[in-house]
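The sequence and the structure are shown first, and the discussion follows.

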Amino acid sequence: MDFELSEETSAFKDVAAQFARDEFAPHAAEWDAHSTFPAETLRHAASLGFAGIYVGDDVGGSGLTRLDAAVIMEELARGCTSTTAYVSIHNMAAWMIDTWGDAEQRAKWLPDLCAMTTFASYCLTEPGAGSDAAALSTKAVRDGDDYVLTGSKAFISGGGASDVYVVMARTGGAGPKGISAIVVEKDAPGLSFGAQEKKMGWKSQPTAAVIFDGCRVPVANRLGEEGEGFKIAMAGLDGGRLNIAACSLGAAAECLDRTIRYVKERKQFGKPIGDFQALRFRIADMATELEAARLMVHKAAWMLSAKDPKGTDRRVTRACAMAKRYATDVCFQIIDEAMQLHGGYGYLADYEIERFLRDTRVHRILEGTNEVMRLIVSRDLLED
């Protein structure tokens, strides 16, 4: 075992940290206040290789590992957690095209996605199919050389702003084996979007329903074979869960650092509050929980990189679910504790702790709720 980051990964970490300080952090509060989607800043991030982190380099990707991705996401999230979470989703959609797309599909979409000339979204959740994703009802009916899609997707990050939507739709019977993955482009006839959702956090990325009303898409846009869509969607989620967990790590690490500085400076009863043993113990617990979460995420990322990208491995899926559940729960608690230790100041927008708390709360819900993560783990442990 070697727990040190490689020289190459450390270099990516430093670049991401610098970018977060220079390009994300100074603008994050404004993006949050005005619900601004920072497209040009994202394109700058793409120029550093952050839009196709584990996409093949032959189509403009960086060709890095999942551990590299986790380290990059953690550092970016320290600057703006909301924007970094969109980077995660964009990377997940691009990876699905890279892994299951044929040569023509990869050449068509990935160079622009890796440059963020175009943006991507992942479309699985529906109004009536959230945790029970295999029950989705959006249909794709074959009509000659086209599919005709009817239905809608809910809570789609990038909805209305993205150019490419990786959509899970039912091409066959009930259950997971009747689902296929289809790429829908923004100008497809019959595609429309709902109003932008008003959210507690994640305000720097648009969120809207994606609606298919007789939406006509070429059969050539299907990824893989008919019936492989659910497998493709779940494989994408293994990595997506780790990236969201890494975003939580970054937010918690930033809030912990700010809290350490604060308790050294803030005085009560004639001395810095950091001199009080009760507060010192709380800081120690926050740092310990953060380190434990980071180790779980890094181990799961290493396992995911080692497996066949198209294959299934229950141990890897379990590790990703464990890491996502633990990291997003624990990091939210660390941020909440940071707010508590800041006292009244922690509740003020000027100190930004409240924004990190708002932006990380949803991490316990999306990419599979943490209750579903427990189901995945327990099913693997208890069932043959």
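## The nonpolar cores

Apart from its neighbours within four places in sequence, I97 is in contact with Q105, R106, W109, L110, L113, V164, V166, V183 and L223. The model under discussion is a predicted one. I97 belongs to the largest nonpolar core, which has 100 residues; together with Y122 and M168, I97 touches the most other members of that core. Helix α6 makes the largest contribution to this core, with 17 residues.

In soluble globular proteins, nonpolar side chains tend to be buried together.

Which residues does G236 contact, leaving aside its neighbours within four places in sequence? They are M92, W95 and M96. M92 lies 144 residues away from G236 along the chain, yet the C-alpha atoms of the two are separated by 5.9 Å.

## The largest pocket

The largest pocket has a volume of about 1500 Å³. Its lining comprises 50 residues, and those closest to the pocket centre are L124, L237, R241, E367 and G368. Two or more lining residues come from each of α4 (81–100), β3 (146–157), α6 (229–265), α8 (314–341), α9 (353–361) and α10 (370–382).

Helix α6 supplies the largest share of this lining, seven residues. By class, the lining of the largest pocket consists of 22 nonpolar, eleven polar and 17 charged residues.

## The second largest pocket

The second largest pocket has a volume of about 630 Å³. It is lined by 21 residues, and D2, F3, L67, H298 and K299 lie nearest its centre. At least two residues of this lining come from each of α1 (7–34), α3 (66–79) and α7 (277–306).

Which helix gives the most to the lining of the second largest pocket? It is α7, with eight residues. The lining of the second largest pocket divides into eight nonpolar, four polar and nine charged residues.

Methods:
Residues are numbered from 1 along each chain as its sequence is written. This is a predicted model: local features need pLDDT of at least 70, side-chain atom pairs count only at pLDDT 80 or more; totals for chains, interfaces and linings use all residues. Side-chain values use heavy atoms; hydrogens and water are left out. On a 1 Å grid over the protein atoms alone, a cavity is a set of points where a 1.4 Å probe fits but cannot get out, and a pocket is an open set with protein on both sides within 12 Å along at least five of seven lines; lining residues have an atom within 4 Å of a point. Grid points are joined across faces, edges and corners, and a volume is the space filled by probe spheres set on the points. Helices (H or I, at least four residues) and strands (E, at least two) are DSSP runs, numbered from the N terminus. Ala, Val, Leu, Ile, Met, Phe, Trp, Tyr, Cys and Pro count as nonpolar, Asp, Glu, Lys and Arg as charged, and the others, Gly among them, as polar. Contact means heavy atoms within 4.5 Å. A nonpolar core is a set of buried Ala, Val, Leu, Ile, Met, Phe, Trp, Tyr and Cys residues joined through side-chain atoms within 4.5 Å. Buried means under 20% relative accessible area, exposed over 50%, partly exposed in between (1.4 Å probe, protein chains only).
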